[in-house]
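User: Could you take me through this model, starting with the terms you will be using?

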Amino acid sequence: MTARGLCLSPRAIFSPVVDLLLTSGISIAVMAALLLAVVSGILPRTDAGGAVLPKLLLLQVLLNWPHFMVSYRLLYHDRRNLSRFPMAAVGVPAILLTVCIAAVLPTFGGEGPMTANVSIAYVLWVFAALYLAWHYTGQTWGVMMIFARLSGMTFTRGERFILQGGFRILIAWHVIWGLGSLPQLPLLGLLQGSLAQLVVNIAAVMAALAGVLIWVRKLVAKDVVDMRSVGAWIALYSWYLVLWLIPDAFVFVQLSHALQYLVFPARIEINRNDADRSTAAARTLLIYLACVFAGALVFYLPEVALLSPTGAPTIFALLAIAINIHHYYTDSAIWKLRDKSVRDRLFGHVSG
């Protein structure tokens, strides 16, 4: 029988508590601690990320970079995905690779692999930074829906409209926040001003309050409210609160997002080989280690051994940005719960 009110359904990706901790609990605790540390003066607001960034490199290696690499395992492991997701598997990579190659050609202002056109590199980087807003909110909504399905939690059309509308507002907030950090651009002046930031700040607060009302209403009505779905929602808003108050702490948000993501590819990999649990676990570990190695090769090696003598962006730096963009697009294409194959792979271990 499905539990009513605030609950942790026994149906889980790994276990109810592990799911909660990895997809939101640890993240919320870290964000709260970070805010408290800055308010109390333990960490400086203007360099909260830089103050501890060297200490976080290991977490980047273990969490953030592998979460990009595992997308390729999910996308290219099954050849049928070439026809099921042609843009994700072929189209978008081809476009991004073309842009990267063009940026280093003299015809387009480049001077070879070690000296790319700065303007093209800059546009690519800005696009990736802004596209990230869609990726963060889309993943969080997906996490909420996964745990809603596992727990039997349902949303009315109005509840979905308000919760998803709040996420759209966070996308707008992210874009305005990102544009505000760029040099003033003539065509984007209105979006880079203080008025635009004030508007999206107020809208984000209103969206958060509307979301709280939805959750309270469901609790009062004794609807099923799985803590993992609520936790994912709280985590997302806590990320953006940190970005607003402590912009330099962006790396903490990256790591929280990556940890949340890795739970689900791991379950799919284990389910793929669930006939022998020990073999499945060992195989999943090997794939993870391969992703760690690939991530270090793509994101770290160019930063320490493949630098341009002129300080210009290199083809390797552009490819790293392109991988970010491809990851964002790929995840929006392959993670669809309405797709039976996705449900079968993700929930294959859950009975009923």
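Analyst: Helices (H or I, at least four residues) and strands (E, at least two) are DSSP runs, numbered from the N terminus. This is a predicted model: local features need pLDDT of at least 70, side-chain atom pairs count only at pLDDT 80 or more, and totals for chains, interfaces and linings use all residues. Residues are numbered from 1 along each chain as its sequence is written, and side-chain values use heavy atoms, with hydrogens and water left out.

User: How many helices and strands does the chain have?

Analyst: The chain has 14 helices and two strands. Its radius of gyration is 21 Å, close to the 20 Å that the globule rule gives for 352 residues, so the chain is as compact as a globular protein of that length. That radius is taken over C-alpha atoms, and the rule is 2.2 Å times the number of residues to the power 0.38.

User: What share of the residues is buried?

Analyst: Of the 352 residues, 47% are buried, meaning under 20% relative accessible area, with exposed over 50% and partly exposed in between (1.4 Å probe, protein chains only).

User: Now the salt bridges. What is the count?

Analyst: The count comes to 11, where a salt bridge is a side-chain nitrogen of Lys or Arg within 4 Å of a carboxyl oxygen of Asp or Glu. One of them joins Glu 159 and Lys 218, with the closest N and O atoms 3.3 Å apart. Glu 159 lies in helix H7 (residues 157–180) and Lys 218 in helix H9 (residues 194–220), so this pair ties together parts that are 59 residues apart in sequence.

User: Are those two buried or exposed?

Analyst: Glu 159 is buried, at 2% relative accessible area, and Lys 218 is buried, at 1%.

User: And which residue does Lys 340 pair with?

Analyst: Lys 340 forms a salt bridge with Asp 344, and their closest N and O atoms are 2.7 Å apart. Both residues lie in helix H14 (residues 340–347), four residues apart, about one turn of the helix. Lys 340 counts as exposed at 53% relative accessibility, while Asp 344 counts as partly exposed at 42%.

User: Which residues do shared partners join into one network?

Analyst: Arg 73, Glu 269, Arg 272 and Arg 283 are joined by salt bridges that share partners.
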